[in-house]
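These are my notebook entries on a two-chain model. I set down what I looked up, entry by entry.

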Amino acid sequence: MHSRVPGFIIAIVLTAAGAVFAQAPSRGQQGALPIPDLARTPDSVCPDNNPLAVHACGLEHAKTFKPPRTTDGKPDFSGAWGGSQAAHENLEAHPKLPDDGGGPSVIIDPADGRVPIQPWAEVKRLENKARYIDQNAQCFQSGVPRHLYMGSYQFLQTPTDIVLLSEETNAVRIIKLDGRPHVGKDILLWQGDSRGHFEGDTLVVETTNQNGMPRLDQVGHFYTDAAVVTERFTMYDANSILYEVTMNDPLVYTRPFTMAFALHRNTRPGYELWEESCYEGEANSEHLRNIGYRNYPGFSSKDAQIAKDAYERSRAK
Amino acid sequence: MSITRFALAAAVASLLASAVPALAHHSLTAEFDTDRTVSLTGTITEMKWTNPHAWLYINVKDEKGQIQNWAIEFATPNQLYRRGWTREDLPAGAVVTVNGYPSRDKALRISSLEVKLPDGRTLFAGTPTDQRP
């Protein structure tokens, strides 16, 4: 992706810098939203409405759980899975509103549940939310990790590949398990380039080469083509996977941060993925443009460096 | 079939607090005014089972007696099918009542929460926020 930081972004960064500092959320707000209960989720040994709880419980049960095996002895993740959509609304804790189902933060590290976003990037996030159409509304692919908190999907597994099929936009993501390196840095993809390996019974996947177009949620959290996304999939009972994902994008975030939630097997008899030819009737972006929104042009690491430098110069004055 | 009455009732969103919010593909509040709800009764002119959202079109008579064709946004066809909807549920000519959020651009368009069918059934039209199996 070419660098394309329009002047208005830099202007917004400069003029809004003080406002962001004034509005910077206080730390330690993770407990602001009550969590209704920690009852065991049906067909699962752990609750899953609290990421901290499912993380601790999932790791504990994974110590003794014996996952199903493939013919080559690996944990078998094949099957249809799905999860909560709360992270799609907002990675952080958010209330139930007409627009949102609400829920606690999915961030388990840092412990306060807040996205450790850099001040300049918080300005950009607010601009994303206020000015640009979410790529998801336009039927583009959701990227990694967002496609795993959007709808239902199916995992197909062979000794050399795990293929993730999403019903949403009929997206396909292929995780190579044969040890090959990532593709070259100039190849940028909506779903990135994923390489996986097993650490014990945990599938560990590193994804790079995303194109800077997908966002992480509907409130504008974003990442660039320089992001390295590390996911850990660990089964802790027959129908549940503990999903941990660490985002590392040093230009945008002050430190890596980790999200966690449960994926549950779809045990509905006869369940199958269906076609979702998302683009065929896509009309929302036209409606949104009518009220002033624009297509999201993406944000490259080069864009990020320019915006960050401009912001820091403005603060130094 | 003749056009039925027009009813436009702005109300606080809590009026339909039991409805599950949020369309899966985009931020609802960006496009629709979720502080108000609208109730429309009209005659179906067309139902489009398209992705990423199905659209229902109904003719509604306004307060001046003029017929207006409203567009009603639903969830994805797959989500409607899995909820038990069929293509026979919304035939052209049927009279339905829909509740939903009005468009911010003042177009004749709402994001639907539920649809009341002629046989008395009420169908939930939005997208569940929880996609767990």
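**Conventions.** I worked from a predicted model, in which local features need pLDDT of at least 70, side-chain atom pairs count only at pLDDT 80 or more, and totals for chains, interfaces and linings use all residues. Residues are numbered from 1 along each chain as its sequence is written, while chains are lettered from A and ligands numbered from 1 in the order in which they are written.

**Confidence.** I noted an ipTM of 0.73 and a pTM of 0.83 for the model. For pLDDT (the predictor's confidence in each residue, from 0 to 100), chain B averages 78, and 74% of its residues score at least 70. Residues 1–24 of chain B fall below 50, although the model gives this stretch 69 contacts beyond near neighbours in sequence. Residues 129–133 of chain B also stay under 50, with 23 contacts beyond four places in sequence. Where pLDDT is low, the predicted coordinates should not be read in detail. A contact here means C-beta atoms, placed from the backbone, within 7 Å.

**Cores.** I looked up the nonpolar cores, defined as sets of buried Ala, Val, Leu, Ile, Met, Phe, Trp, Tyr and Cys residues joined through C-beta atoms within 7 Å. Buried means 20 or more other C-beta atoms within 10 Å of a residue's own; exposed means 12 or fewer, and partly exposed lies in between. The largest core has 54 residues, and those touching the most other members include Val106(A), Ile241(A), Tyr243(A) and Phe261(A). Strand 11 (residues 257–265) of chain A gives the most to this core, six residues. A second, separate core of 22 residues includes Phe32(B), Leu40(B), Ala75(B) and Leu80(B).

**Helix 4 of chain A.** Helices (H or I, at least four residues) and strands (E, at least two) are DSSP runs, numbered from the N terminus. I checked the span of helix 4 (residues 119–131) of chain A: at 1.5 Å a residue its 13 residues should span 18 Å, and its end C-alpha atoms are 18 Å apart, which agrees. Its buried residues include Trp120(A), Glu122(A) and Asn128(A).

**Chain B.** I recorded two helices and six strands, in the order α-β-β-β-α-β-β-β from the N terminus. Of the 133 residues in chain B, 42% are buried.

**Contact between the chains.** I found 37 residues from chain A and 29 residues from chain B in the contact. Helix 5 of chain A supplies the largest share of the chain A side, four residues.

Notes
Two residues are in contact if their C-beta atoms, placed from the backbone, lie within 7 Å. The expected span of a helix is 1.5 Å times one less than its number of residues.
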